[in-house]
Amino acid sequence: MRRAVPPRLPLASQRLIVITGKGGVGKTTVTAAFAQAAAAARRRVLAVEVGPGRLGTLLGAATVSHEPTRVGPRLAVARLESEAVLGDFVLSALRLRLLARRLLESTTFQVLAAAAPGLPELLVLHRVAGWLEERRLGRPAYDLVLLDAPASGHSLPLLAAPRTLGALARFGPVATLLRNMERMLHDPATTLVFLVTTPEELAVRETLELHQELDVGLGLSVGPPILNAVPRRRFTPTDVAALAALDPDDPHVVAARFHLERRRQAQAQYSTLRRTLGVSPVRLPLLFPPPETSGGIDALATDLARAAGLAA
Ligand SMILES: Nc1ncnc2c1ncn2[C@@H]1O[C@H](COP(=O)(O)OP(=O)(O)OP(=O)(O)O)[C@@H](O)[C@H]1O
Ligand SMILES: [Mg+2]
């Protein structure tokens with residue numbers, strides 16, 4: 001059975017927020033905006049991307065690596081790539097560097113690591129858990145870790161990794177590690193997953209399916225959907241009525257009609273999400289010029305903060 005979706009964005013409480021959705025819907029953009037909104041609310045934030053992407057650039061980092069780079073007073077960014085996390089894990093598990101290097105270089109190990117279902121994903125989670133536990137001057141180094149997760153198809157294996165591997169290891173240190181990861185993901189006070197979608201029928205249908213798989217299938221807490229790139233309201237009802245009397249072939253009229261139709265579709269998709277999930281989606285506007293130009297991420301961060309009840 002589906003659990004109730006929390007109605008607000010808990011920017012002020014959760015420790016791990018995972019952001020996923022279909023390819024190209026704005027996951028990285030939304031992660032960057034979330035990071036800025038939470039840092040502005042005085043939380044110490046680490047924004048993490050899995051694999052190479054634009055998160056660092058959006059947050060103003062010159063370079064991004066698997067070690068956090070500070071980009072603001074309370075904001076850092078890092079990138080995890082499965083080969084590097086595998087190396088980290090082996091080095092920390094096998095403290096003897098020489099032995100670890102030999103193991104990492106061995107073809108047998110590389111083949112095994114590539115073949116073990118969920119192992120690279122588990123190591124990403126293991127690294128994230130390490131950051132959540134890290135302490136500096138007696139308090140957590142980061143209040144919130146934001147994970148810009150891979151697109152839908154790859155996010156499920158990531159979030160299912162502890163369970164997938166749990167079937168292979170029931171006892172010993174690996175089993176303990178898997179149990180800890182499961183606990184981290186399944187504690188609603190710690191972890192919340194957000195699905196980003198654009199207001200198009202296909203994207204919304206896929207979002208509803210993914211919501212079901214994450215919630216019912218994996219038992220994770222999923223936040224209200226983030227409906228990104230919603231065309232703004234540009235015309236009043238009087239304008240719309242006036243439009244009907246104008247030359248339908250005039251390029252300005254064609255453009256206005258196109259805008260109205262996209263907005264109508266966006267509203268229909270908003271209603272579908274709200275009806276199906278029983279919660280109001282968080283709407284973010286379609287920005288032109290796009291959000292990566294100056295001020296775009298800040299504008300989206302303000303909208304998210306408002307949705308989280310953190311701003312007026
Ligand atoms: N609210 C918005 N308004 C206008 N353009 C947007 C908005 N959000 C995202 N975009 C644009 O959509 C494109 C994809 O955004 P983004 O890279 O954040 O998506 P993604 O889901 O992370 O993609 P991928 O699946 O490739 O990682 C970018 O060119 C971005 O500028
Ligand atoms: Mg991305």
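Reader: Let's start with the helix H11: which elements do its buried residues pack against?
Author: This is a predicted model, so please keep that in mind throughout. The buried residues of H11 pack against strand E8 (191-197), helix H9 (201-217), E9, helix H10 (237-243) and strand E10 (282-285).

Reader: And which residues of H11 are the buried ones?
Author: They are Val253, Ala256, His259, Arg263, Ala266, Gln269, Tyr270, Leu273 and Leu277.

Reader: How many residues does H11 have, and how far does it reach?
Author: Helix H11 covers residues 251-277, which makes 27 residues, and from its first C-alpha to its last it reaches 39 Å, close to the 39 Å expected at 1.5 Å a residue.

Reader: What is found at the start of H11?
Author: There, a side-chain oxygen of aspartate 250 comes to within 2.7 Å of the backbone nitrogen of histidine 252. At the other end, H11 is followed by glycine 278, which has a positive phi near 70 degrees.

Reader: Switching topic, which residues come nearest to ligand 1?
Author: There are 16 residues around ligand 1, and of these Lys27, Thr28, Thr29, Leu287 and Glu292 come nearest.

Reader: Where do the N and O atoms of those residues meet the ligand?
Author: In the side chain of threonine 29, an N or O atom is 2.5 Å from an oxygen atom of ligand 1. The side chain of glutamate 292 likewise has an N or O atom 2.5 Å from an oxygen atom of ligand 1. With leucine 287 it is a backbone N or O atom, which lies 2.8 Å from a nitrogen atom of ligand 1.

Reader: How much of ligand 1 does the protein bury?
Author: Taken alone, ligand 1 exposes 630 Å², and the protein buries 71% of that. The elements that give two or more residues to the shell around the ligand are helix H1 (27-40) and strand E9 (226-230), and the largest share, 3 residues, comes from H1.

Reader: What classes of residue make up that shell?
Author: The shell around ligand 1 has 7 nonpolar, 6 polar and 3 charged residues.

Reader: Now glutamate 49, is that residue buried or exposed?
Author: Glutamate 49 counts as buried because its relative accessible area is 2%, while the cut-off for buried is under 20%. Its place is in strand E2, residues 45-50.

Reader: What does the side chain of glutamate 49 make a polar contact with?
Author: The side chain of glutamate 49 makes a polar contact with the side chain of arginine 79, at 2.7 Å, and the glutamate 49 side chain also reaches the backbone nitrogen of glycine 53 at 3.3 Å. Leaving aside residues up to four places away in sequence, glutamate 49 touches Arg54, Leu55, Ala78, Arg79, Leu80 and Asp148.

Reader: Which peptide bond is cis?
Author: The peptide bond from phenylalanine 288 to proline 289 is cis, with omega near 0 degrees. Proline 289 is found in the loop between E10 and helix H12 (296-307).

Reader: What about phi in arginine 42 and leucine 137?
Author: Arginine 42 has a positive phi near 70 degrees, although this residue is not a glycine, and arginine 42 lies in the loop between H1 and E2. Leucine 137 is not a glycine either, and its phi is positive at about 50 degrees; leucine 137 sits in the loop between strand E5 (135-136) and strand E6 (139-140).

Reader: Why does leucine 137 count as exposed?
Author: Leucine 137 counts as exposed because its relative accessibility is 88%, and the cut-off for exposed is over 50%. Arginine 42 is exposed too, with a relative accessible area of 62%.

Reader: Last one: how many helices and strands are there in the protein?
Author: The protein has 12 helices and 10 strands, and buried residues make up 46% of its 312 residues. Among contacts between residues at least 6 apart in sequence, 73% join residues at least 24 apart.

Conventions. Residues are numbered from 1 along each chain as its sequence is written. Chains are lettered from A and ligands numbered from 1 in the order in which they are written. This is a predicted model: local features need pLDDT of at least 70, side-chain atom pairs count only at pLDDT 80 or more; totals for chains, interfaces and linings use all residues. Side-chain values use heavy atoms; hydrogens and water are left out. A residue is near a molecule or strand if one of its heavy atoms lies within 4 Å of it. A polar contact is a pair of N or O atoms within 3.5 Å; within protein, one must be able to donate a hydrogen and the other to accept it, and residues adjacent in sequence count only if both atoms are side-chain atoms. Accessible areas come from the Shrake-Rupley method with a 1.4 Å probe; for residues, only the protein chains shown count as cover. Helices (H or I, at least four residues) and strands (E, at least two) are DSSP runs, numbered from the N terminus. Ala, Val, Leu, Ile, Met, Phe, Trp, Tyr, Cys and Pro count as nonpolar, Asp, Glu, Lys and Arg as charged, and the others, Gly among them, as polar. Buried means under 20% relative accessible area, exposed over 50%, partly exposed in between (1.4 Å probe, protein chains only). Contact means heavy atoms within 4.5 Å. The expected span of a helix is 1.5 Å times one less than its number of residues.
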